[in-house]
Structure formats: structure tokens, C-alpha cells
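Visitor: Could you take me on a close look at the ligand site? I'd like to hear what surrounds the ligand and how that ties in with the rest of the chain.

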Amino acid sequence: MGRSHVLVLPYPAQGHVNPLMHFAQGLANLGFKVTFVNTHFNHKRVLAAMVGRNDPTGSCVNLVSIPDGMGLEDDRNDIGKLCEAILIAMPKSLEELIQNINKTLEFGDQPITCIVSDACMAWSREVANKLGIRLAMVWPASAAIYSILANIPNLIRDGYIDDEGFSIKKQRIQLSLSIPSFDIENIPWRLGDSNSQKALFKYLKRTFEHSQLTEWQMCNSFYEIEPGAFSLVPKLLPVGPLLANNDAGHSGAQFWQEDSSCLTWLDQQPSQSVIYVAFGSLTIIDQIQFQELALGLQLTNKPFLWVLRPGNNQESNHVRPNEFHGSHGKIVSWAPQQKVLSHPAIACFVSHCGWNSTIEGVSNGVPFLCWPHFLDQFHNTNYICDSWKVGLGFDKDESGIIRKEEFNKKVELLLGDKNIREKAFELKQIARNNIGEGGQNSTNFSNFIKWLEA
Ligand SMILES: O=c1ccn([C@@H]2O[C@H](COP(=O)(O)OP(=O)(O)O[C@H]3O[C@H](CO)[C@@H](O)[C@H](O)[C@H]3O)[C@@H](O)[C@H]2O)c(=O)[nH]1
């Protein structure tokens, strides 16, 4: 008889589907049967992005989907609306999915006996309880953010935020001396739109109450980069960095087709020469900022690789400056980011500092230029620039724009800074020590496997 059957449930966003898929692949590699549940909307995108690629994911992980409760035309980048829809539609669909799978087993199949849920989908605890199956959580962002969310009741009690999650007065919060303080304006549920922010806060508050009651709470991080945060939430166990772990190095869950031509292009660039620019899956920058960034890249006179997502992203909406054409760079709509970051031609990473990008950059020893937009990205920037000292931030002008001269100046400063490069290299070694046998993280993962099999 094979090992047991686990269902993995990510929150429906790229920055969640990726690490949960890496976790799922880790289980599948050990012989567990794994069913991975995307929303219908994302499932279609993942399958479309896999067409024509030799991606082994589908053969080792069973990819299935349930509805997310949004209409076909609804804007899934409206995080508040998406969270509201998820809570209405997904618990029932998840319950039915598990019941159906467990009812229609073929000879030799194992029933689903455990849900590994994204902590942002911790409402799944009610489903697990109802069906009498076990539950474990994976938190795909930093332990520091988890500790902030765990402290929501205290932040309300002490008058930092109101009970809808909005800051009451302008101030900095220091949860512990060992993690960076943060500006209350940059709380991790910060979004541009206040209705969405309110809905996200309500959603996170509710799901976190469930998450903290779960026996297994794991995190895509490692102890050495945030010891202070882990001491604030002792039940949270580091199992990161969660990186693509199949032989082909595929991420296995991409929403857009990777353009691998950039790897051949990188092969032709000198060592540590290329500026890599990518802002994850959600960020949109406006036309003025877009132009300044394009001109800033040109001003550096260095080769660059820039990810401009299709659809609602910069590429379709914005005009590139005329003189930009024929420049010394390459633009792709989606890159195989983990492979790009491990390429010797990369000199630095201009990043929005989503947690996956942060962990991937750190694990590859790449220095950062930090360009945070919302959510946890400001906190991650504090880690990168102030705690780990592996990157620099940008200064905005009085109209809130990062100008081309500032961009060029920071590229020069970063690339000329030997200390930052050395620190980035040290951090890479520490990250790598946490991959595979021997590290604390593999012990945590092994203990989790024992629990799964008990
Ligand atoms: O061209 C690209 C660009 C990105 N990626 C991958 O896409 C993921 C992006 O994740 P992340 O860097 O975390 O950014 P977001 O997609 O913006 O993630 C959301 O979710 C994260 C986890 O909760 C948060 O930390 C972020 O702030 C939030 O925006 C990473 O695994 C990247 O490797 C690619 O493969 N190719």
C-alpha cells in the first residue's frame, strides 16, 4: 500500500500557488498521493501555461479545481471582492470535492486523510473538522507578518488600529526588538483601495483565528533570517526556502507561460552584468512611473531583463519611450524567475519584494533594489535593507515618483557596494544549508511526515 493521500489548498494567487506547489511536490517525491486544488479560473491558466513544456507536475501531483465564487468577468485582482467570494463559495465546494474523491476510489487508491492548507485559506479547518480529516497549515510569507497577524487583537486593544484594521494615528510599531519596526501605514493588509483593504482585513482576521488553532503551522522561511519573529510565534515552524524541486527546475504552477528565451539571452551576457526587473503577479505601475523606469534602465547603460506581464499589466497599457526601442535589454511577459535568479549573468534584482521573490533572491545570493507597493512588501524591504543588509531602497520625489536619475544612482551604488555583495553571498549559503538533509527545516519537514503517517 502506498503512502497516504493529501489534499493541498493554496489561496488563489500566484505568490501562494507557487510555494504550496513546491510543498506539494516535496510530498509527491516522497511517495504521497497529492491532490492540488486550484480555483477553476487559475486551473485553466496553469494548464494553458504548461502546454508545450515538458513539465512533470501533472504526472506527480493530481491537479483539480473548484469555483472561487466570482463571476467570469469579475476582476480577481480586487483582493477584497475575491476574499468575500471565497468565503461564500469555497468551503462547500471543497467539502463536496473531498467527499466525491473519497467516494469514488479505485482499487488501491487511498482516501484523502489530510488537508495541507495555505494559512490564508484556514477556513478549511471547518471543512476538515466536519469531514473528520486532519489539517496542517503552510504560511507562504514571513514569520514576521504571521506574528503581526497573530497580534491583531492586541493592536486593536492598544489603540494602534480600529476594528476594521485602519491605523488610528501615524506611528511606528515595534512588536519586538528583534524584528524591524514598521510604520502603521504599511500594515500587511495595506491595499490601494479602502473597501478592499477592509474586506481583506476581515478575511485575514477570521482565517488567522483558525490558523493558530491548527496543530501544524509551517512557514516558507528559515530560522536564521528571522529568529526574532519565530520566537514571537513559537508554534510556527520554518520549512523554507520552498523552491522548485523537480529535476527540470519548473515552478509547476505558473499562471503565465514562461518565456525561456531569456535564459539563452542571459547566456550571452557577461557575468554579474544584468539588472533583472520583476514585480511579481499583482503590481501595476502607472504611465509616468513606467516611463521613468524605462529611461532609468537606459541611463544605467547596462543590460537588463524586464518582466512585463500581459493583460492588466504595464505592457499593454503603457507607451515605451521612443528612444527605448533597440536598447540593450530584453523584455519578456513572464520569466522562469528561479532559473533567472540563479543565472551567473544576474547582477541585481529590482523587485517589489513579494515574499517569494525575496526568498528566491536571497537563496541565489542576488542583491536587491527594493520597490515595494503594498501588503507585506514594505516589511520585507525592511528586512532586506535594514536587517540583512543585502539591498537598497529608492527615494521618491515630492510627487511620489522614483525618477530615472534616482534609479541610475541606486543601481551604481548597489553594484559598487562590496559589503552588500558579500552579505548576499553569506545569506545564500545559509539559505542553501536549509535545503535538503541536515538543517532544522528538514527536521521540521521530517517530523511533519511522521505526523502524516501516524
Ligand atoms: O516573471 C516572473 C515573475 C514572477 N515569477 C514567480 O511568481 C512568484 C511571485 O511571488 P511574489 O514574489 O511573492 O509576488 P506576488 O505574486 O506579488 O505575491 C503576493 O503574495 C505574496 C505571498 O503572500 C506576498 O508576499 C506578496 O506581497 C503578494 O503580492 C514568485 O515565485 C516568482 O518566482 C515568475 O516565475 N516569473
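Guide: One bit of bookkeeping before we start: Ala, Val, Leu, Ile, Met, Phe, Trp, Tyr, Cys and Pro count as nonpolar, Asp, Glu, Lys and Arg as charged, and the others, Gly among them, as polar. Sorted that way, the shell around the ligand holds seven nonpolar, twelve polar and two charged residues. Keep in mind that this is a predicted model.

Of those 21 residues, the ones that come nearest to the ligand are Ser281, Ala335, Ser357, Glu360 and Asp376. Now look at the stretch that starts with Trp355, where a backbone N or O atom sits 2.8 Å from an oxygen atom of the ligand. Asn356 brings a polar side-chain atom to 2.8 Å from a ligand oxygen, and Ser357 has a polar side-chain atom 2.5 Å from one. On its own the ligand would expose 690 Å², and the protein buries 97% of that. Two elements each give two or more residues to the shell: α1 (14–29) and α14 (355–363).

The chain is assigned domain 1 (5–142 + 203–247 + 434–453) and domain 2 (256–416), and each gives the ligand shell at least three residues. Their C-alpha centres are 29 Å apart. Where the domains meet, 23 residues of domain 1 are in contact with 19 of domain 2. Together they bury about 1,700 Å², with 52% of it on carbon and sulfur atoms. On the domain 1 side, Gln14, Asn77 and Ile225 supply 27% of the area buried against domain 2, more than any other three residues.

Definitions and conventions: Residues are numbered from 1 along each chain as its sequence is written. This is a predicted model: local features need pLDDT of at least 70, side-chain atom pairs count only at pLDDT 80 or more; totals for chains, interfaces and linings use all residues. Side-chain values use heavy atoms; hydrogens and water are left out. A residue is near a molecule or strand if one of its heavy atoms lies within 4 Å of it. A polar contact is a pair of N or O atoms within 3.5 Å; within protein, one must be able to donate a hydrogen and the other to accept it, and residues adjacent in sequence count only if both atoms are side-chain atoms. Accessible areas come from the Shrake-Rupley method with a 1.4 Å probe; for residues, only the protein chains shown count as cover. Helices (H or I, at least four residues) and strands (E, at least two) are DSSP runs, numbered from the N terminus. Domain bounds come from an automatic or database domain assignment. Contact means heavy atoms within 4.5 Å. Buried area is the accessible area (1.4 Å probe) that two parts lose on being put together, summed over both.
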